[in-house]
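Subject: Structure handover

Hello,

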Amino acid sequence: MNIYTQICGLVIIALLITFYKKQPTMGLGSERRFITTLHVIFACVILDIISCYLIINATKYSRSIVLLSCKLYLLSLQAVSYSALAYTIADIFKYLGSNFERFLGRLYRYGFILGLFVTLYLPVEYHYDGIYLYSYGPAAFATYILVAIYIVSVVASTIVLKKHIKQQKINALLIWMTIWVCSAVIQFFKPQLLIVSFAACIGALIMYLEMENPQSAISRKTGHFSSAVIHDYLDFLYQSKKNFSVMMISFRTMGDASTENKILRKTITTLSEFLFNIEVAKVFDTAEGYFLLVFENNDFMESTKFKIATYFQSVEDNPDIAYAYTLLHPVYTVVPDSSIAYNADELMMLLSNFVPNNYENLVKDEIIIDKNTMAELRNKKLVEKMVIEAMEDNRIEVHYQPIYNVSTCTYTGAEALVRIRLQDGTLVYPNDFIPIVEETGRIVPLSDNIYRNVLTFMKSYRVEKLGIEKVELNLSVKQGESPVFVSRMLELLEKNELNPSLLNFEITETSSLQSKENLLVNMEKLKAHGISFSLDDFGAGSSNLNYIIDMPVEIVKLDMHLTEEYFTNPKARAIVKTVVEMSHSMGLRIISEGIETEEQMKEMKSLGVDYLQGYYFSYPLPEHEFLKFLQMNNL
Ligand code: C2E
Ligand code: MG
Ligand code: MG
C-alpha cells in the first residue's frame with residue numbers, strides 16, 4: 001500500500017504536537033488556532049491512511065463504510081484548509097476588524113459548517129485499479145472548490161490585512177499554501193502520488209519553524225519569556241480588550257560599573273529562579289537586565305509584590321547576595337491599569353521611559369504609573385515632535401533681548417532667546433520645550449541649530465558695528481559637556497569669521513558632578529580662545545556659591561525673582577547687596593535680569609550693578625526689530 005508519505009507526515013505532525021504542548025505558551029489566539037490546526041492535520045492524515053486502506057481492501061468491507069471513510073477524509077481536507085484560514089486571521093477579525101470584516105469572519109464559519117453538511121449529503125465514488133487510487137464524484141468536487149476558496153482567502157487575507165500580520169507570518173503562510181497547491185496539482189495529474197496530506201504536514205512544519213516555535217519565545221539565559229514576544233503578548237491583551245496590570249523590576253545601581261555588572265548578573269540569576277514561583281503572572285526577561293511581570297488578573301499584583309519584597313529580605317541571609325543589595329536596589333515600576341495606554345506600542349514606550357538609566361536621580365523604590373504620568377509622557381512626545389518638525393522646516397527663531405550697560409549708557413550686550421514658530425504663526429516659548437528636550441537629549445541638535453542661527457545673524461549684520469560687545473547664548477549642560485562641543489563652536493566661529501570674544505555662554509548649575517567636570521574642561525578650552533562665561537539665574541538654585549568659586553565665569557546674572565524680592569524682603573535685599581559687593585571684589589561683573597520698572601532700574605544702578613536687562617528696556621526682539629532698536633539707541 002502506497003502510504004509511506006502519509007506515515008512520514010503522521011510522524012512529523014505527532015512530533016510537532018508533542019513539542020508544542022511541552023513548551024509554555026502565552027495563550028495568544030493564534031497559538032490556540034495553531035495547535036487546533038496541528039490536530040486537524042493529524043486527523044486528516046489518519047483519515048487519509050484509513051480511506052486508502054479501505055479503498056484498496058474494498059472487497060473485504062461493506063461499501064458504505066468505504067464511502068464514509070472517503071467522505072470523512074474529504075471533510076478533514078476542508079477542515080485543514082479552513083483552520084489555516086482561521087489561523088491566518090486569528091485575533092484580527094475578532095477584535096480589530098471592521099463590522100464588515102467581522103461579518104466576513106462569521107460568514108466563513110457558517111459557510112464552513114454548511115460545506116461540511118453539503119459534502120456529507122453529496123454522493124462520492126472511489127477508484128482503485130492496482131496503481132491509481134482516488135475518490136471522485138460531487139462530494140470530492142465540492143471539496144476541491146471549498147478548499148480552493150479557503151486557500152485563496154488565506155492569500156487574500158495576507159494581502160488585505162498586511163499591516164496587522166507580521167511579514168514573517170505572511171511569508172510562511174504563502175510558502176505553506178504554495179506547497180499545498182503544488183501538491184494538489186501534482187496529485188491531480190499523477191493520482192498514484194498521494195501527497196496532499198503530507199504537504200499539509202510540511203506546511204505546518206514550516207509554520208512551526210518560522211513562526212510558532214515556542215522555544216524562540218523563551219530567553220535562553222533565564223528560561224522566562226523573551227523580550228522578543230512582549231509586544232505580541234501585550235498586543236494580544238489590548239486587542240482582546242483585557243484589562244491587565246504590569247510590574248517591571250529593575251535595578252538602581254550604586255557602585256562602580258565593573259563590579260556592578262558582575263553583581264547585577266548574579267542578582268538577576270537568583271531573582272530569575274525565584275520568579276518561576278510566581279504563577280499568577282507571565283514573566284518576561286527583557287534582556288536588558290530587568291523583568292516584566294504581566295498580570296491578567298489585577299488582584300494578584302499586590303500579593304506578588306509582597307512575595308518578591310519578602311524574597312529580597314530573605315536573601316539577606318546569603319552574604320554574597322546581601323552584599324549585592326548594598327549596591328543594587330530593586331525598583332518596581334508599576335502600571336496598575338493597562339487602560340492608561342492606548343495600545344502595546346504606547347505601553348512599551350511608557351515602560352522604556354522608566355528603565356534604570358533614565359532615573360539617575362530617583363530615590364523611590366516604587367514608581368506608580370498612572371493616567372497623569374501617561375498624559376505627561378504624551379505631552380513630552382508631542383513637544384519632541386514639535387521641536388523635530390520645527391528644526392526640519394526651519395521654524396526655529398531666535399529673538400534678542402538688549403542688555404543695558406550702566407557705565408556707557410548704551411546696549412553693549414544681547415541675550416539670544418530661542419522660540420519656535422508654529423505653522424499657524426504663533427510662537428512657543430522656551431520654558432515649554434527646553435526642559436523637555438533637555439531631558440530627552442534632543443537639546444544637542446537643537447542648540448546646534450540655535451547657535452548656527454545666531455552666528456549667521458551676527459555675521460550677516462555685523463552687530464559689533466552697532467555697538468554690541470557680547471551676544472549671550474544659553475548653554476545647556478548636556479551640550480556644554482559634549483566632547484565635540486568645543487570643536488563645533490570653533491568651527492562655527494571660523495566659518496562665520498567671527499571674533500570668539502563676541503560670544504558669552506550663560507551656564508546654569510548642574511547636579512551631576514561628572515557633567516560638571518566635562519563642562520569645566522570645555523569651558524577652559526573655549527576661554528583660551530576668548531569666549532567668556534556667565535552664571536545664569538544666580539540665587540534661584542541652591543549651590544550657586546560653589547559655582548562662582550569653581551567655574552571660570554566672569555559675569556553673574558542675578559535671577560529676576562531675587563531682584564523682585566529685593567523690594568519686598570529685607571533678607572533678599574541683604575543677599576543682593578552682599579552678592580554685588582562680593583562679585584566685584586572677585587573681579588566679576590553683575591547683570592540684573594527682569595528689570596520691569598523705573599524704580600527697579602534706579603535701585604539696581606545705585607547698587608553698582610554693571611548691566612541691566614528686562615522688559616523696562618526692551619522685550620526680546622525678532623532680528624530686524626533688534627537691529628532697528630540698536631540703530632535708534634546706540635548710534
Ligand atoms: P533665562 O536665560 O533666564 O532668560 C531670561 C528669560 O526671562 C527670558 O524668557 C526672557 O524673555 C525673560 N525676561 C527678560 N526680561 C524680563 C522681565 O523684565 N520680566 C520677566 N518677567 N521676564 C523677563 P524666555 O525667553 O521665555 O526664556 C526662558 C528660559 O529658557 C531662559 O531663561 C533660558 O533658561 C531658556 N532658554 C532660552 N533660550 C535658550 C536657548 O537658546 N538655549 C537654551 N539651552 N535655553 C534657552
Ligand atoms: Mg539666560
Ligand atoms: Mg536667567
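Donors here are N, O and S atoms within 2.8 Å of the metal (3.2 Å for Na, K and Ca), and water is not among the atoms, so sites may look incomplete. This is a predicted model, in which local features need pLDDT of at least 70, side-chain atom pairs count only at pLDDT 80 or more, and totals for chains, interfaces and linings use all residues. Residues are numbered from 1 along each chain as its sequence is written, chains are lettered from A and ligands numbered from 1 in the order in which they are written, and side-chain values use heavy atoms, with hydrogens and water left out.

Metal site

Asp536 bridges two magnesium ions, ligand 3 and ligand 2, which lie 3.8 Å apart. The protein donors of ligand 3 are Asp536 (OD), Asp537 (OD), Glu593 (OE) and Glu593 (OE), at 2.1 to 2.6 Å from the ion. Along the sequence, the donor residues of ligand 3 follow the spacing D-D-x55-E. Glu593 is buried, at 8% relative accessibility, and Asp537 is partly exposed, at 28% (buried is under 20% relative accessible area, exposed over 50%, partly exposed in between; 1.4 Å probe, protein chains only).

Second largest pocket

Lining residues have an atom within 4 Å of a pocket point on a 1 Å grid. This pocket is lined by 43 residues, and Leu28, Ser30, Lys166, Asp232 and Asp235 lie nearest its centre. Domain 1 (4-216) and domain 2 (225-369) both contribute to the lining, so the pocket lies between them; the domain bounds come from an automatic or database assignment.

Regards

Conventions: 1 Å grid on protein atoms, 1.4 Å probe; cavity = no way out; pocket = protein on both sides within 12 Å on 5 of 7 lines; lining within 4 Å.
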